[in-house]
Amino acid sequence: MTQTVPSATARTPRRRNRWNATDLGLIAVFAALVAGSALIAAIPVGGLGVPITLQTLAVMLTGLALGPGRAFAALGLYLLLGLAGLPIFSGGRSGLGVLAGPSAGYIIGFLLAATAVGWLTVVVLRRTAARTGKLRAVLLFAAAMVSSIVFVHGLGVLGMMVNAKLDFSTAFLADLAFYPGDILKNVLAVSIVLALHRAFPDLLLRRARRADARP
């Protein structure tokens, strides 16, 4: 008589590949979170009109929590609503005119950064399924920082060079003011998302069901 043998992939974490009503709700909730964070405690920096806000915290949290597809959808929804006229960009701005301002690069960078850190999060969670939580936290923080530096800060500097007519060194120095806050916000985002994934293990990855071998 042949015994039932669990599949070797029974406990392999896999990425969610179908969206349902819950996913659509999460996309809407995180889009609202990004919008709200743009309007809270905005601190002007210099004379360029690019304030320090809690928005990068919300952007990184969206990617870390939802993964690339849903993060892209959430930030895409946020951008579409803002460009359509809702006052949900920093300082209560809205409309296509923001794309001609010095903060345009940051706004576009949010979409790409959330998508990138979401993809890296899936990779990290898969690779660290059997590892310590400390290693996972370090890798997620590294993913958030790389995504932030490459896309948010990189495109932010480019936007200031194009729209504010600054040279690279001036734009780069202006952007440095955002680094200390972004480091702290990424630490906080990783702490929050680790708690979320512990409480809701199927939020981003799911466990494959055991497939019983039939005699």
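**Pocket and helix packing chat**

User: Which helix gives the most to the lining of the second largest pocket?

Analyst: H1 does, with four residues. Helices here are DSSP runs (H or I, at least four residues; strands are E, at least two), numbered from the N terminus. This is a predicted model, where local features need pLDDT of at least 70 and side-chain atom pairs count only at pLDDT 80 or more, while totals for chains, interfaces and linings use all residues. Residues are numbered from 1 along each chain as its sequence is written, and side-chain values use heavy atoms, leaving out hydrogens and water.

User: OK, what volume does the second largest pocket have?

Analyst: About 200 Å³. A pocket is an open set of points on a 1 Å grid over the protein atoms alone, where a 1.4 Å probe fits, with protein on both sides within 12 Å along at least five of seven lines; lining residues have an atom within 4 Å of a point. Its volume is the space filled by probe spheres set on the points, which are joined across faces, edges and corners.

User: New topic: how do H2 and H6 cross?

Analyst: The axes of H2 and H6 (residues 179-199) come within 9 Å and cross at roughly 35°. Axes are lines fitted to C-alpha atoms, for helices over the stretch in contact, and angles run from 0 to 180 degrees between N-to-C directions. Their contact has 11 nonpolar, three polar and two charged residues.

User: What about H3 and H4?

Analyst: H3 (residues 104-127) and H4 (residues 133-163) pack at about 160°, with axes 8 Å apart. H3 and H4 are therefore roughly antiparallel (over 145 degrees; under 35 is roughly parallel, 65 to 115 roughly perpendicular and the rest oblique). The contact of H3 with H4 has 19 nonpolar, seven polar and one charged residues.

User: Which residues of H4 meet H5?

Analyst: His153, Val157, Met160 and Met161 in H4 meet Phe168, Ala171, Phe172, Ala174 and Asp175 in H5. Contact means heavy atoms within 4.5 Å.

User: At what angle do H4 and H5 cross?

Analyst: Roughly 130°, with the axes of H4 and H5 (residues 168-176) coming within 9 Å. H4 and H5 are therefore oblique to each other.

Terms used
Ala, Val, Leu, Ile, Met, Phe, Trp, Tyr, Cys and Pro count as nonpolar, Asp, Glu, Lys and Arg as charged, and the others, Gly among them, as polar.
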